[in-house]
Amino acid sequence: MVDIHTYEVSSERLRWHCDPDQFDFESTEDLVPLHEFIGQDRAIRAIEFGLSMDRDGYNIYLAGLTGTGKTSAVRTYIAKLIEERRKRDETYHVSDWCYIHNFSYSDRPRVVELPKGKGRELRDDIGVLLQRLTADLQKAFSTEDYKAQRKAIVEESQTRQQEMFNQLRAEANKRGFAIQTTQMGVVLVPAKDGKALSQEEFMALDEREKKEIEKTRNKLRKDLEAMFEEVQDIDRTTGERLQQADRNVAEYVIGRLYDSLMKKYAESPAITQYLTELRSYTLDKVESFKNAEEERPSGIPGLLIDGSRFGVDLFVPFQVNVFVDNSATEGPPIVTETNPNYVNLFGKVERKFVFGGYVSDHTMLKPGALHTANGGYLLLSAADVLTSPAVWPALKRALKTRELGIEEPFEQLGLVTPQGLRPLPIPIHVKVILIGDAMLYQLLSMYDEDFWEIFKVKADFNFEVSRTTDNMQSYAAFIASLCVECELKHFDRMAVATVMEYSSRLVANQEKLSSRFAFIKELVEEAEYWAREGGAKLVSEEHVRRAIEERRFRHNLPDERLREMVAEGSILIDTRGAVVGQVNGLSVYSMGDITFGKPSRITCRTYLGRDGVINIEREANLSGSTHDKGVLIMSGYLGWRYAQDAPLSLSASLCFEQSYGGVDGDSASCAELYALLSSLADVPLRQDLAVTGSINQRGEVQPIGGVNQKIEGFFRVCQAQGLTGTQGVIIPSRNLRNLTLRDEVVQAVETGEFHVYAVDSVDQGLEILSEIPVGRRRKDGTYPPRSINGRVIAQLHAMAGKLKAYHGARVDSRENADVA
């Protein structure tokens with residue numbers, strides 16, 4: 001008989017128990033809250049390097065699972081770096097950015113860089129300038145001296161025009177014509193003795209007189225036209241004199257206003273150029289200041305009525321768009337954009353739809369997150385950036401060229417957009433921090449040739465940390481910090497120990513703790529809820545376990561439904577007796593919010609043939625590539641063990657019974673091999689045991705994932721059908737360090753109601769299942785006949801003989817048929 005107790009695992013090895021006596025505190029209230037990060041030295045060093053490296057392309061990619069504290073870590077170390085530079089009196093180059101009117105190309109607004117807080121000051125200065133210009137010019141144009149000067153110019157023009165008209169009238173009278181003004185204009189009418197001739201009187205004249213009159217009329221008409229041309233010249237000259245008079249008055253009035261601003265902004269060439277051009281613009285548009293209020297209708301902002309036309313507001317050049325305002329920013333800006341679509345990241349040009357058309361100017365330019373983070377740090381989700389249309393190429397272009405303009409997002413997609421502005425780009429100096437997972441980083445590294453150039457620093461966050469004494473003390477301090485920051489009740493040391501046991505289970509490793517602190521925070525908050533509901537002063541072990549159980553209960557409906565189907569007999573699982581060619585395998589179901597184990601019946605049938613091992617799941621397209629590999633490895637093991645002297649002559653079909661959703665992974669390869677060897681040797685296997693583990697071609701059992709869920713899944717099925725004291729699970733011995741089983745399983749093992757066996761090889765597992773020695777190869781190459789290997793060899797030889805005899809009989813029958 002086989003002593004299977006050799007492979008049994010004691011209850012002490014089924015989980016890690018955190019001894020609360022190792023802590024030198026009674027509750028987390030006695031601890032100093034933790035403000036550092038636990039066990040992420042590699043990632044922290046990478047972050048510190050990336051933040052301190054002020055060179056092109058040294059942006060940072062934070063890689064790691066959700067909840068490992070990536071965002072919190074980078075924010076903490078940004079703040080730390082800023083504080084260190086402040087202590088060293090190092091300054092950050094943070095500026096205000098303003099868009100102003102471009103007088104040369106109105107559709108290309110100019111950008112101006114100003115020291116932090118000066119953007120608003122410039123806007124206010126220009127606003128006050130416009131107000132004072134309007135008031136002072138209207139006042140200047142209302143003085144009696146100005147009106148007298150203007151009246152003198154106009155009267156001089158009118159006098160000259162009247163003199164010319166009188167001279168022409170006298171000449172016409174002298175030549176027998178009168179000048180009359182009608183609705184059709186000025187006409188020359190024949191006259192006699194100073195009286196205009198009527199139509200009848202003119203027709204009564206002889207032809208010679210008529211011709212003489214027409215000749216004289218033509219000459220006078222030319223003199224009249226010449227007079228009108230001279231009058232137009234006088235009007236033009238008068239207009240120019242009036243305009244020059246207005247300009248002289250305006251220059252005198254505005255000179256001191258512009259001179260003070262030119263002096264104030266003398267160190268900024270861009271602003272002095274703007275003020276110079278604005279001064280010329282003011283003089284050119286001085287007429288608009290005379291009646292500014294009348295020329296700016298209140299009903300339609302941005303437009304004015306000029307006769308029957310609509311045009312751009314003449315006062316828009318006086319408006320300064322403080323595009324990026326850092327006046328309230330302390331240190332460099334730290335921006336987190338949670339929705340990095342094109343507009344939110346790169347800004348936009350707004351438009352107003354007025355009377356059938358779009359209008360826009362530099363005041364309608366709106367910044368994006370990349371603008372507001374200029375001079376500082378920008379945190380983005382890598383997945384969101386890559387899934388937003390046109391964002392990733394635009395971000396790479398901005399980081400490579402180190403300048404950022406505002407473009408239409410529809411143009412990036414090849415669509416036609418209404419005519420808009422093309423603002424001049426802004427130089428940018430920003431540290432971009434992408435937050436994503438390791439798989440996305442690998443894909444970008446392999447398939448995007450620009451990625452390495454612009455994201456040279458990878459900060460890789462581990463999802464687990466070593467269970468050292470220092471890390472455990474830090475874990476307790478972390479719980480204390482959560483209690484302080486979230487205003488929670490403090491945890492006693494038993495509760496802290498239970499949280500750490502839960503953390504160890506999250507990573508399924510007795511020597512590690514989870515660094516996915518978001519999950520730990522959830523447990524702390526939920527445990528505190530149950531403590532508050534119970535009116536406790538401190539959170540205890542009971543409250544932590546209650547939180548764990550309540551969370552499991554909220555999510556484990558699919559697990560319960562499967563166990564009900566097993567109990568009802570809809571899913572066939574035996575937990576008693578022994579069957580040839582049948583074994584209980586273990587699989588893991590992962591549904592996002594919950595992961596649980598479920599036993600599956602695996603069967604094998606062997607028969608004559610040379611097809612080898614037939615994987616029914618693969619034939620039905622329900623097998624994944626990893627499962628297919630496991631079956632092929634099993635075939636390799638069979639050949640190595642049993643086909644050293646002769647080729648294998650068998651056909652075997654393997655099947656996961658009642659499996660309809662596909663099978664993947666190689667953790668069932670041990671169970672499949674056991675079922676096959678059982679069928680060949682005609683040895684029944686215990687059905688009160690379940691098996692998990694993968695094999696290699698030498699028959700060694702390899703570790704698998706989800707070992708805790710698999711054990712607990714079979715335990716609950718056995719519990720539902722009734723524990724017999726013989727039931728248990730066979731696992732790889734290399735998974736012992738991964739055991740973090742639930743209390744109910746550990747207690748059942750302690751009382752002998754359930755068993756866990758750990759094996760290193762296929763032979764060990766087969767002996768436990770069959771309770772028959774596997775048999776060792778003797779010197780002559782044979783196995784003991786009553787051993788499993790001996791029975792397998794005998795069956796293979798028998799099948800090979802039958803197959804040979806069958807083929808020999810077929811050959812003889814064909815030869816006899818040919819002779820006949």
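At what angle do the axes of helix H4 and helix H6 cross? They cross at roughly 175°. This report starts with the whole chain and returns to that pair.

## Overall form

The model is predicted. Its protein chain holds 27 helices and 32 strands. The radius of gyration is 47 Å, well over the 28 Å that the globule rule gives for 820 residues, so the chain is more spread out than a compact globule. Along the principal axes, the C-alpha atoms fill a box of roughly 160 × 95 × 50 Å. Of the 820 residues, 47% count as buried.

One pair of residues gives a sense of scale. Asn556 and Lys222 are 334 residues apart along the chain. Their C-alpha atoms are separated by 108 Å. Asn556 sits in the loop between H19 and helix H20 (557-568). With a relative accessible area of 4%, Asn556 is buried.

## Helices H4 and H6

Two packed helices are described by the angle between their axes and the distance between the axes. Helix H4 covers residues 144-174, and helix H6 covers residues 207-264. Their axes come within 10 Å. Angles over 145 degrees count as roughly antiparallel, and H4 and H6 are therefore roughly antiparallel to each other.

What kinds of residue make up the contact of H4 with H6? The residues divide into 15 nonpolar, four polar and nine charged.

## Helix H23

Helix H23 runs over residues 669-681 and has 13 residues. From its first C-alpha to its last it reaches 18 Å, close to the 18 Å expected at 1.5 Å a residue. Is H23 mostly covered or mostly open? H23 is mostly covered, with 13 of its 13 residues buried. Just after H23 comes Asp682, which takes a positive phi of about 55°.

## Salt bridges

Side chains of opposite charge can pair when their charged atoms come close. The count here comes to 45 salt bridges. One of them joins Arg737 and Glu511, with the closest N and O atoms 3.2 Å apart. Arg737 lies in the loop between strand S31 (728-732) and helix H25 (743-750), and Glu511 in the loop between helix H17 (493-506) and strand S21 (512-514), so the pair ties together parts that are 226 residues apart in sequence. Arg737 is partly exposed, at a relative accessible area of 37%. Glu511 is partly exposed too, at 44%.

A salt bridge also links Arg545 and Asp743, at 3.0 Å from N to O. Arg545 belongs to helix H19 (residues 541-555) and Asp743 to helix H25, so this pair ties together parts that are 198 residues apart in sequence. Arg545 counts as partly exposed at 26% relative accessibility, and Asp743 counts as partly exposed at 25%.

Glu767 and Arg776 form another salt bridge, their closest N and O atoms being 3.9 Å apart. Here the two partners fall into opposite classes. Glu767 counts as buried, at 8% relative accessibility. Arg776 counts as exposed, at 52% relative accessibility.

Terms used:
Residues are numbered from 1 along each chain as its sequence is written. This is a predicted model: local features need pLDDT of at least 70, side-chain atom pairs count only at pLDDT 80 or more; totals for chains, interfaces and linings use all residues. Side-chain values use heavy atoms; hydrogens and water are left out. Helices (H or I, at least four residues) and strands (E, at least two) are DSSP runs, numbered from the N terminus. The expected span of a helix is 1.5 Å times one less than its number of residues. Buried means under 20% relative accessible area, exposed over 50%, partly exposed in between (1.4 Å probe, protein chains only). A salt bridge is a side-chain nitrogen of Lys or Arg within 4 Å of a carboxyl oxygen of Asp or Glu. Axes are lines fitted to C-alpha atoms, for helices over the stretch in contact, and angles run from 0 to 180 degrees between N-to-C directions. Angles under 35 degrees count as roughly parallel, over 145 as roughly antiparallel, 65 to 115 as roughly perpendicular and the rest as oblique. Ala, Val, Leu, Ile, Met, Phe, Trp, Tyr, Cys and Pro count as nonpolar, Asp, Glu, Lys and Arg as charged, and the others, Gly among them, as polar. The radius of gyration is taken over C-alpha atoms; the globule rule is 2.2 Å times the number of residues to the power 0.38.
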